[in-house]
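Reader: I am new to this structure. Please take me through one part of it closely, and then show me how that part sits in the whole.

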Amino acid sequence: MATVLFVAFAVLLILNMPVSFALAVASVMALLYGGLPLALVVQKMTAAMDSFVLLAVPFFLLAGHLMARSGIARDIIDFADALVGWMRGGLAHANIGAGMLMGGMTGSAVAEASSTGGALIPPMLKKGYGAPFTAAVTAAASTISVVIPPSIPMIVFAVVTGVSVGDLFIAGIVPGILMTVALMVTAWLIAVRQGYQRGPRPTLGSIARATRASVWGLLMPVVIIGSIRYGIATPTEASVVAVVYGMVVGRYVYRTIAWRDLPGIILDSAVTTGIVMLMIAAASVYGLIVTREQIPQAAAQLILELTNNPQLVLLLILCVYLIAGMLLDLAANIIILVPVLWPLVKRLDIDPVQFGVVTVIGLAIGLITPPVGACLFVTCGIAKTDLLRGSKAAAPFILALIVVVLLIIAVPGIATWLPYSAKAMQ
């Protein structure tokens, strides 16, 4: 069955079938080959989607669309520019800073790359920044949005493993800041070498004005994390709070969202939600076959024959993630790979929160690596440069992100200190 499953899945991907459909069709073929009843398909898919945690996905996506449509992205970018735009390569740093701040609104790397890229790439090109560098730094900055809460991949990881969504959200804060710093250092080194100009030094007045203008966007992640941290709301309930907040800001503060805009916004959110839910449903049948064939146990045994050192195991897993990220989307990789690796993680007593953060960042690097590299593809299109040159320019940023993951592997407290401290204080 396993051979039929993997071969059929690979062939369907080569034929350019969407990942969720390829998973479902390959799983059905494997079930037929193994003589198992097809009623299992319906049962497993229904059970997989019957999850309270998964309700957070459509609501966080809707909240992100509402905030993006409100026009607050421009104010967030101005705020980031006021804080770090005075450095060498100022607009690149503003781009990265905006990536971190926008992550708390969208939770989606591709959405962040599109919105920030549309606003910042044209001005960067006019200021003399190279198109490949501009595309690369924007794509790299967008990866922060899947680590800074709210994060859709974190929710998918939680559904697959049963780890607390709240713990994963809080765990993403420090690594997200670390990613921001690493990317800024990389951008600064490149800017010095290329001779990119500095922005004007901000005054206290300009910083105050930028802060005042962007305060509604800056407060959104505070509302989400604060409500989870202090037990006011579960992550799912916090997603509803985020929708209400986004609607109030867009409709009554910025006055950029009319009632007639809501059907289109809801439809966009529903389409994205449908993609995620189809993948989770299809992966449930895939997981049934993988478990029945004892593939996780075989993979665990294979790795344990090489080493039983948790850090070395995580390094091996990171190598798998970097390769897988070149071939499949982030969420798809979580759904396909994590169930296979999870028994090994538990057997070696690797912290599940640390593993979750390593998984999300490690696979997020695939968003800026060819040939799949969805974020790099988007930003190269906006910057009007080809993917090959964009990929070369992205190499230093990819290396910086890998260094961040290696630090989290070596020092688990980077990911675990904040969520466990928050629990201890409750």
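Author: Start with a charge and a ring. The charged end of R251 sits over the ring of Y252. The distance from that charged end to the ring centre is 5.5 Å. Keep in mind that this is a predicted model.

Now to ring against ring. The count of aromatic pairs comes to seven.

Where do F157 and W342 lie? F157 belongs to helix α9, and W342 belongs to helix α17.

Another aromatic group can be picked out by name. Y129, F133 and F397 form one aromatic cluster.

Helices α9 and α17 return in the next feature, the second largest pocket. This pocket holds about 390 Å³ of space. Its lining has 19 residues. Closest to the pocket centre are V160, A283, S284, G287 and P339. Which helices supply at least two residues each to the lining? They are α3 (39–49), α9 (152–161), α14 (262–292) and α17 (330–347). Helix α14 gives the largest share, seven residues. What kinds of residue make up the lining? The lining divides into 14 nonpolar residues, four polar and one charged.

Stay with helix α17 for a moment. L337 lies in this helix. L337 has a relative accessible area of 18%, which is under the 20% limit, so it counts as buried. I317 is 20 residues from L337 along the chain. The C-alpha atoms of L337 and I317 are separated by 9.7 Å.

Next comes the loop between α17 and α18 (352–364), the place of D349. Look at the backbone of D349. Its phi is near 60°, a positive value in a residue other than glycine. Most residues other than glycine have a negative phi. Is D349 buried or exposed? D349 is exposed, with a relative accessible area of 69%.

K384 makes a second case of positive phi. Its phi is about 60°, although K384 is not a glycine. K384 is found in the loop between α19 (374–383) and α20 (387–410). K384 is exposed, and its relative accessible area is 72%.

Now step back to the whole protein. How many helices and strands are there? The protein has 21 helices and zero strands. Its radius of gyration is 21 Å. The globule rule gives 22 Å for 426 residues, and the two values are close, so the protein is as compact as a globular protein of that length. The C-alpha trace spans about 70 × 50 × 50 Å along its principal axes. Of the 426 residues, 54% count as buried.

Definitions and conventions
Residues are numbered from 1 along each chain as its sequence is written. This is a predicted model: local features need pLDDT of at least 70, side-chain atom pairs count only at pLDDT 80 or more; totals for chains, interfaces and linings use all residues. Side-chain values use heavy atoms; hydrogens and water are left out. On a 1 Å grid over the protein atoms alone, a cavity is a set of points where a 1.4 Å probe fits but cannot get out, and a pocket is an open set with protein on both sides within 12 Å along at least five of seven lines; lining residues have an atom within 4 Å of a point. Grid points are joined across faces, edges and corners, and a volume is the space filled by probe spheres set on the points. Helices (H or I, at least four residues) and strands (E, at least two) are DSSP runs, numbered from the N terminus. Ala, Val, Leu, Ile, Met, Phe, Trp, Tyr, Cys and Pro count as nonpolar, Asp, Glu, Lys and Arg as charged, and the others, Gly among them, as polar. Rings of Phe, Tyr and Trp (its six-membered ring) pair if their centres lie within 6.5 Å; planes under 30 degrees apart count as stacked, over 60 as edge-to-face and the rest as tilted. A charge sits over a ring if NZ of Lys or CZ of Arg is within 6 Å of the ring centre and within 35 degrees of the ring normal. The radius of gyration is taken over C-alpha atoms; the globule rule is 2.2 Å times the number of residues to the power 0.38. Buried means under 20% relative accessible area, exposed over 50%, partly exposed in between (1.4 Å probe, protein chains only).
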